[in-house]
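Here is a structure to read slowly, with an eye on the rules behind each label. How do the terms used for a protein model follow from its atoms?

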Amino acid sequence: MILVKYEKSGKVAVTKFIKEHNHPLMISPCDVRQTMDEKDRKIQELSTELQNKKWLCEACQEQLIAFMKDVEEHNDQLTRKVQVIANNLQKFEHKDLQYSHNI
């Protein structure tokens, strides 16, 4: 690592130097800017993709809720029909018993 300081005279002075470092030296500011632009572009792409996935999940959730509502309504209709059939069977059994006793 190297720290430099611009002096009032316009000269550059090295104020700190550490030989050991944990990453390669950057070659030029243009490379740094390009790398940052690439990262920013990738972040923007991923953010857009995440938003699209969120909208897709919301749409799927709405469809699932509508489907579940339809299933529940169908279940209620079947329950009512089964109840009508059960009531009719009870009436039929009652009349059948009456008929059997009369014979």
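The questions and answers below take the labels in turn.

This is a predicted model, in which local features need pLDDT of at least 70 and side-chain atom pairs count only at pLDDT 80 or more, while totals for chains, interfaces and linings use all residues. Residues are numbered from 1 along each chain as its sequence is written, and side-chain values use heavy atoms, with hydrogens and water left out.

Q: What makes the pattern of the chain β-β-α?
A: Helices (H or I, at least four residues) and strands (E, at least two) are DSSP runs, numbered from the N terminus. By that rule the chain has one helix and two strands, and reading along the sequence gives the order β-β-α.

Q: How do you know that E1 and E2 pair?
A: Two strands pair if DSSP finds at least two bridges between them, and E1 and E2 have five bridges, in the antiparallel sense. Within this arrangement Tyr-6 stands opposite Val-12 in E2. The two strands form a hairpin with five residues between them, and Gly-10 in the turn has a positive phi of about 100°.

Q: Why does the count of disulfides come to zero?
A: A disulfide is a covalent bond between the sulfur atoms of two cysteines, and here the term is given to a pair of cysteine sulfur atoms within 2.5 Å. The sulfur of Cys-57 has its closest cysteine sulfur in Cys-60, at 6.4 Å, which is too far for a bond, and so the count is zero.

Q: Why is Cys-57 called exposed, and what is Cys-60 called?
A: Buried means under 20% relative accessible area, exposed over 50%, and partly exposed in between (1.4 Å probe, protein chains only). Cys-57 has 52% and therefore counts as exposed, whereas Cys-60, at 42%, counts as partly exposed. Of the 103 residues of the chain, 1% count as buried.

Q: Where is confidence lowest, and where is it highest?
A: pLDDT is the predictor's confidence in each residue, from 0 to 100. Confidence is lowest in E1, at a mean of 83, and highest in helix H1 (residues 29-102), at 88. For the chain the mean is 85, and 83% of its residues reach 70 or more.
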